[in-house]
Amino acid sequence: MTYMFKIMNGLVWFRNDLRTIDNHSLYNACRENEKVIGIYCLDPRHFETTQYGFKKTEKFRTQFLLETLAELQQNLAEKNISLLVYYGYPEQLIPEIAAKYQIETIYSQNEWTQEEVDVETEVRNLIPAVNWKTYYDQFLFHPDDVPYEDWEKIPEVFTEFRKQLEKKIRVRPTVVISAKPIANLIEEKTNIPTLEDLGFDEFKQPNKTAFPFKGGENQAKKRIKEYFWDTKKLAVYKKTRNGLVGKDYSSKLSAWLANGSISARMIYWEVQQFEKKVVKNEDTYWLIFELIWRDYFKYISLKHGNKIFQLNGILQKEYHWNQNTKAFNQWTNGTTQEHFVNANMIELQRTGWMSNRGRQNVASYWAKEWEQDWRIGAAYFESMLIDYDVHSNYGNWMYNAGVGNDPRDRKFNIKRQAEMYDGDGKFQKMWLIPELF
Ligand code: FAD
């Protein structure tokens, strides 16, 4: 008797999980299918001009993404997996690829924000016969492990959330993905578009940028090696994290985390190693503490859905908001009355980066001092930031605008902040008097 074995074909739709290590979509696709292909779609909608007159994604994050895709394609090739990269709509490309390669199952990261869901729904509707497997792979604390039977039970107060999870949950181990046989590679090859293909001019980061890094999972690991093991800066992280100048005042891991070229779990387990081999102190813990903030904003977004994009936020608190073009131009070009705000906004405009201290101040100035529509500020950050992450960005903006998780209606005293964090004015001079640097 002869048995006919059907070859199973899986497609990994990469979205914000652009890595080959600790990636559950890839891991499960490889375990469950003889043939596995990857696809990434550079969605034209991400490069359109927004209702506010600037691009949804500016050149900084675009460049970082293209670098990330190049490393992903290379690392997948080393595992004998082809990554097809296209500029086009997922709802057009994925059904075509699924038909061409007789895909039975699509694997991807679980995304729940509206734009991502809309695209996925459209793709799913076009290919109803294909199975889908999605994974919550962007968290430190996996949603299946948290002690809330529904999202409504997620605490509104960060400290409560952190204490509950720290006590009850163990971070899951990372998974290792084995190579497929060479026959898994397909003939079809795609070239990753260039920055120019996507409508941007080539550019060079200024030498003084606080983010002199490149995209890609190897680069993320390199940064961890440097920040943790070579310079041991992790051992003083809490003391330096409010800094403004240079690459080492904080980990700078956010951009790789945002597009998933590294997982929060990988960082967590590396911190555990560091604590065993070098030192365990308040500073090493604090990096985990900040990763829990990152998780927290993801849980808040799961709980509140589209309220995170609404003017009254999750507090549903009404204020009077303005939409003034002159104010917007002054704020974004760094020509307000506040040097500290200006220096931070110029840094963002020139590099796609701003420190956490800077972000809090400029957001407070825009939303609380000037009472300008906080969503415009958030959309501008979305456009410019190299590390834009929907949950962290809108969560932090709501928080700073007084419509988020912090019911205290606080406003930063910008001059005092500048004295505290830039007492010698070095940071401000750096961006306001460029000829000095
Ligand atoms: P570290 O200080 O080294 O922290 C380690 C990691 O913890 C970060 O990489 C990040 O993943 C997480 N983290 C730290 N602070 C926060 C925070 N306040 N909220 C959530 N996660 C945090 N972060 C983004 O990743 N993307 C955004 O789009 C974003 N927008 C922001 C908008 C505003 C108005 C504000 C005030 C903050 C925003 N943040 C955002 C949070 C924070 O500023 C950055 O995560 C941080 O500055 C990144 O630098 P780092 O990687 O060196 O951080």
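# Sheet, salt bridges and surface of a predicted model

R162 counts as buried, at 13% relative accessibility, where buried stands for under 20% relative accessible area, exposed for over 50% and partly exposed for what lies in between, as found with a 1.4 Å probe and protein chains only. This is a predicted model, in which local features need pLDDT of at least 70 and side-chain atom pairs count only at pLDDT 80 or more, while totals for chains, interfaces and linings use all residues. Residues are numbered from 1 along each chain as its sequence is written, and side-chain values use heavy atoms, with hydrogens and water left out.

## Salt bridges

R162 forms a salt bridge with E166, the term standing for a side-chain nitrogen of Lys or Arg within 4 Å of a carboxyl oxygen of Asp or Glu. Both residues belong to helix α5 (residues 158–168), where they are four residues apart, about one turn of the helix; helices here are DSSP runs of H or I with at least four residues, strands are runs of E with at least two, and both are numbered from the N terminus. Whereas R162 is buried, E166 is partly exposed at a relative accessible area of 30%. A network held together by salt bridges with shared partners joins R19, D22, D137 and R265.

The count of salt bridges comes to 31, among them the pairs in this table.

| Pair | Closest N to O distance |
|---|---|
| K133 and E32 | 2.9 Å |
| E166 and R162 | 3.0 Å |

K133 and E32 meet in a salt bridge that links distant parts of the chain, with K133 in strand β5 and E32 in helix α1, 101 residues apart. K133 is partly exposed at 33% relative accessibility, and E32 is also partly exposed, with a relative accessible area of 32%.

## The parallel sheet

Five strands, in the order β3-β2-β1-β4-β5, make up an open sheet with parallel pairing, two strands being taken as paired if DSSP finds at least two bridges between them. Because β3 (82–87) and β5 (131–135) stand at the edges with a single partner strand each, one side of each is left without a neighbour in the sheet. From one strand to the next, the twist averages 25 degrees, with axes fitted as lines to C-alpha atoms, for helices over the stretch in contact, and angles running from 0 to 180 degrees between N-to-C directions.

Strand β2 (residues 35–42) is paired with β3 in the parallel sense over six bridges; G38 has L83 of β3 as its bridge partner, and C41 stands opposite Y86 in β3. Helix α2 (residues 59–78) packs on the sheet and touches β2 and β3, its direction making about 155 degrees with that of β3, and contact is taken to mean heavy atoms within 4.5 Å. Helix α3 (residues 90–100) also packs on the sheet, where it touches β1 (9–13), β2, β3 and β4 (105–109), and its direction makes about 165 degrees with that of β2. Although β3 stands at an edge of the sheet, this strand is mostly covered, with five of its six residues buried.

## Backbone exceptions

Most residues other than glycine have a negative phi. D22 is found in the loop between β1 and α1 (24–32) and is buried, with a relative accessible area of 0%. K232, found in the loop between α6 (217–230) and α7 (237–240), counts as partly exposed at 35% relative accessibility.

## A nonpolar surface patch

L432, I433, L436 and F437 form a nonpolar patch on the surface, with about 340 Å² of accessible area together. Patches are made of residues with over 30% relative accessible area and no salt bridge, like charges being joined within 9 Å and nonpolar side chains (Val, Leu, Ile, Met, Phe, Trp, Tyr) within 5 Å; accessible areas come from the Shrake-Rupley method with a 1.4 Å probe, and for residues only the protein chains shown count as cover. L432 lies in helix α17 (residues 426–432) and counts as partly exposed, at 31% relative accessibility.
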